Amino acid sequence: LIRPDWLRYYTRRGQVLDLRAANGQRFASIDQRHCRRFATIDPAGTSEDRAREQRGRAASWTVLQVWEQPRAKELSHLLILRHVVRRRVGFDGLCALLKEMHHDWQCSKLFIENEKLGQAAVDVLRNRLPLRTIATGGRDKVTRAAPLFARLERGEVFLPKYNNGWRPELESEWLSWTGTNDETTDQIDAAAYAVMATEKQIHGGRVRVAPMMII
C-alpha cells in the first residue's frame with residue numbers, strides 16, 4: 001500500500017532542516033524553531049492487539065513519534081518525522097515514555113489514540129502534559145491511513161536521510177504492509193494520526209488551521 005518511490009528525506013544543518021525532492025535536490029530549508037512540534041502515540045494493548053497475539057500473530061508495540069509541521073502557510077502541508085520510540089510497555093511504562101518524550105522534545109501537543117489506554121493516560125497525566133486523545137472514528141486501519149497514503153504519494157512526508165536507528169524498522173513496516181488485519185501497523189497508525197492532527201487542529205471542539213512561518 002505504500003510505495004518506496006513515495007518516500008522523501010531531509011538532512012539537518014544545526015537548527016535547519018533541508019527537505020529533499022525525489023531526486024535528492026534540496027527544495028526547502030526550514031528552521032526547526034519555526035515549526036509546530038507535536039507527538040502522536042499509538043499505545044499497544046487494545047483488545048484487537050491482544051486477540052491478534054492470542055492467535056499467534058506478531059505482538060503490537062507502543063509507538064511514539066515526534067513531528068514538525070512548518071509554520072509557513074505555503075509549506076504547512078508538509079510533515080517532518082524527527083524521532084520515533086517503539087517499545088513493548090505496560091501502562092506505567094507508557095506514562096513514563098510520555099513524560100520522557102515531553103521533557104526531551106517539548107512538544108506543543110501530544111495526541112494519543114482514544115482507546116482505553118490512551119484515555120487512561122490522559123486521565124492520569126492531563127495536569128502534567130499537553131496530552132489529548134485523537135479519535136479513530138471507528139474506521140478500519142486502511143481507511144484511517146488513506147490520508148497518510150495521499151500525503152506520502154504527493155511527497156509531503158519526510159524522514160531523516162542518515163538515521164540508521166529507528167528509520168529502517170519504520171520503513172520496513174510501512175513498505176511491507178498489505179492491509180490485512182494480522183500485520184503490525186503501529187508505526188503506520190501513529191503516522192496516520194499525525195496527518196489527522198495537522199488537518200484538524202483541535203481547539204475547543206473546533207477545527208482550525210495553525211498559523212505558519214518559514215525562514
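Residues are numbered from 1 along each chain as its sequence is written, and side-chain values use heavy atoms, with hydrogens and water left out. Because the model is predicted, local features need pLDDT of at least 70 and side-chain atom pairs count only at pLDDT 80 or more, whereas totals for chains, interfaces and linings use all residues.

With a salt bridge taken as a side-chain nitrogen of Lys or Arg within 4 Å of a carboxyl oxygen of Asp or Glu, the count comes to 14 salt bridges. One of them pairs Asp189 with Lys141, whose closest N and O atoms are 2.6 Å apart. This pair links distant parts of the chain, since Asp189 belongs to helix H6 (residues 186-199) and Lys141 to helix H4 (residues 141-153), 48 residues apart; helices (H or I, at least four residues) and strands (E, at least two) are DSSP runs, numbered from the N terminus. Asp189 and Lys141 are both buried, where buried means under 20% relative accessible area, exposed over 50%, and partly exposed in between (1.4 Å probe, protein chains only).

Asp189 also forms a salt bridge with Arg144, at 3.6 Å from N to O. Arg144 lies in helix H4 and Asp189 in helix H6, so this pair ties together parts that are 45 residues apart in sequence. Both Arg144 and Asp189 are buried.

A further salt bridge joins the side chains of Arg154 and Glu156 at 2.8 Å, N to O. Glu156 is buried, with a relative accessible area of 9%. Through salt bridges that share partners, Arg151, Arg154, Glu156 and Glu199 form one network.

In the loop between helix H5 (167-176) and H6 lies Glu183, which counts as buried at 18% relative accessibility. Its side chain makes a polar contact with the side chain of Thr178 at 2.9 Å, a polar contact being a pair of N or O atoms within 3.5 Å, of which, within protein, one must be able to donate a hydrogen and the other to accept it, and residues adjacent in sequence count only if both atoms are side-chain atoms.
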